[in-house]
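I opened this model to look up a few features of the chain. The entries below are in the order in which I took them.

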Amino acid sequence: MKKRMLAWILASLTILSLLAGCGGKDTSTPSNGSDPASGSTPNAASDPSGSEEPKVLKIGISADLMTLDPQAHAHNSTDNMFQMIGVRLFRRANDMSLVPTIVTEYEIVDDTTWKMTIRDDVVFSNGDPLTAADVKFTLEREATDASLVENNFWKGIKDVEVIDDHNFYIHTFDAKPDLLSLLAKSGGDIMPSKYIEEVGMDEYIKDPIMAGQYKLKEWIPNDHFTLIRNDLYYGDAGIWDEIVFRPIPESSTRVSELLTGGVDIIDNVPPNEWERINTSENDHMVTGDTSRILLLNIRCTEGSVTADPKVREAIELAIDKEQICDELLQGAGTPTRTRVGSGVTGFNWDLFGPEKGNLYNPERAKELLAEAGYPNGGCPVTYTAGRGRSLMDSEIAQMCAAMLTAVGFDVNLQIVDGSVLSDIWSSKTNEEIIQIALSDSQYDAAYPLIHYGDFNRVAGLTDYDNKECQALYESALVNMDLEERAKQMEEIQAIAAEDRPHVCIAQQKALFGVSNKIQFSPRMDDFYIPNEITPAD
């Protein structure tokens, strides 16, 4: 019965993830537990041209790493690095279905107990074997350390009971239908408990030892971080000898680096640069789907001007999301009213698309401000946005600020560097409005909806406190009836859409500039999987 339940969970998650429309080759895990990260190119590090030159992949990214602690972030660039140098118990295949990575067998013993077996040939890059004790250390640290950024997602794990070096039980406080997707997300990269016990966590995060296909060679903040192949990796060798990531916040500079051969791939290419890349003899544009939602995080904190729901509604009605998607994003975005991305388990389709996702009504926005005590306008808000952190972020902020001003808001627009925006976000020092783009690394609505269902997660950020949402969320977290659970998630989204702790603007597409020397197809999770990026024939 429990094995059938597990199969149902995995099948349901796979079917829902396929709705995202992601293409690409099948990288699902064979039944013997071999690693999908290795792709289908054994010994691919050899150069087919016969050259002995190192094969180096250079990627220009819009934001630098935040930390070298694998569990102290909720940040795309940082997660991208860790999924290359680390291994998780499960991961997402190219079609976003869940597959085992180092797990060879698993079953649901009862509603709060999962039994798992891991491979016996996995070692960390320092030579220490990866055992069940390391799984225990990793999962229990994330589940019990409240200072970690994503502790709220992991705290449903009670403990890990080690049976022997390669077998263990995961005990949860309650039934946890999203456990496997949790194990595949950021924070799940297995860390070496023995090594950390010897050197201490502070020393460890200066040079993290992990068990992935690559290992970190160096990180020079705001300049580059370089990965090299891990010769002790249990799977096939990586195609690339080195992978160099270069943080380049300014989009025009990223494009210039691509066109002059300084990098092979760049992200977040703004529409005004598409033609320059596509008309180049050496480069081309590539577009992909994402779960990333561009939104305005709005303070509901008592005493703030945006604590008034009429003011928050006026903000949404003042913004023409379709104009933003059509004119600024040039079709690389779809209007939405939900923090959950399309294709994610539990997504509410009634809040998505040009008609349902855009409530633009400037006249009604003016009326709402008058009802809120601003009949002649002048409602003061500070609006903070980044520059180069996400696609067209500063331009979108300027357009939104103009739309808000047009209906009577007195907007103090502050555009800051992407790293500064990340600091403001993580420290919860935002004022009334902060514009940010957020992805879903778990591909389950439980991940984004924590903003409405767990007050501890948003205390000091939005201070949104809705008891109905919280009750629905707590129920959904332990609901093993997946259809009923999905309806609960949809209802949370509908309530939050009316309360507006977030004014969601658009679900964005990923836009990359790629050298013709490279074959690259984007993934919905924005991950760069080394063996899915190959030299062109």
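**Basis**

I am working with a predicted model, in which local features need pLDDT of at least 70, side-chain atom pairs count only at pLDDT 80 or more, and totals for chains, interfaces and linings use all residues. Residues are numbered from 1 along each chain as its sequence is written, and side-chain values use heavy atoms, with hydrogens and water left out.

**Salt bridges**

I asked how many salt bridges the structure holds. The total is 32, where a salt bridge is a side-chain nitrogen of Lys or Arg within 4 Å of a carboxyl oxygen of Asp or Glu.

I looked up Glu140 and Lys136, whose side chains form a salt bridge with an N to O distance of 2.7 Å. Both belong to helix 3 (residues 132-144), and because they are four residues apart, about one helical turn separates them. Helices here are DSSP runs of H or I with at least four residues, strands are runs of E with at least two, and both are numbered from the N terminus. Lys136 is partly exposed, at 29% relative accessibility. For that wording I use these cut-offs: buried is under 20% relative accessible area, exposed is over 50%, and partly exposed is in between (1.4 Å probe, protein chains only).

Next I took Asp231, which forms a salt bridge with Arg229, with 4.0 Å between the closest N and O atoms. Asp231 is exposed at 67% relative accessible area, while Arg229 is partly exposed at 21%.

Which parts of the chain does the salt bridge of Asp463 and Arg299 link? The side chains of Asp463 and Arg299 meet at 3.4 Å, N to O. This pair joins distant parts of the chain, 164 residues apart: Asp463 is in the loop between helix 16 (455-458) and helix 17 (467-477), and Arg299 is in the loop between strand 13 (293-298) and helix 10 (309-318). Arg299 is buried, with 13% relative accessibility.

I also noted a network, in which Glu316, Lys321, Arg337, Glu498 and Arg500 are joined by salt bridges that share partners.

**Cysteines**

I checked for disulfides, each of which is a covalent bond between the sulfur atoms of two cysteines. The rule I applied is a pair of cysteine sulfur atoms within 2.5 Å. By this rule I count zero disulfides. Cys379 is in no disulfide, and its nearest cysteine sulfur, in Cys300, is 14 Å away. Cys379 is buried, at 0% relative accessibility.

**Negative patch**

I found a surface patch of negative charge made of Glu322, Asp326, Glu327 and Glu355. Patch members have over 30% relative accessible area and no salt bridge, and like charges are joined within 9 Å. Asp and Glu count as negative, with the charge placed at CG of Asp or CD of Glu. Accessible areas come from the Shrake-Rupley method with a 1.4 Å probe.

**Positive phi**

I noted Met96, a residue other than glycine with a positive phi near 75 degrees. Met96 sits in the loop between strand 2 (90-92) and strand 3 (98-100) and is buried at 1% relative accessibility. Asp463, already noted for its salt bridge with Arg299, is not a glycine either and has a positive phi of about 60 degrees.

**Pair distances**

How far apart in space are Val244 and Val56, C-alpha to C-alpha? They are 7.3 Å apart in space and 188 residues apart in sequence. Val244 is in strand 10 (residues 242-247) and is buried at 13% relative accessibility.

I then took Ala146 and Val478, which are 332 residues apart in sequence, with 21 Å between their C-alpha atoms. Ala146 is in the loop between helix 3 and helix 4 (151-154) and is exposed at 65% relative accessible area.

Last, I took Val109 and Leu148, which are 39 residues apart along the chain, with their C-alpha atoms separated by 29 Å. Val109 is in strand 4 (residues 103-110) and is partly exposed at 38% relative accessibility.

Technical notes:
Patch = residues over 30% accessible without salt bridge, like charges linked within 9 Å, V, L, I, M, F, W, Y side chains within 5 Å.
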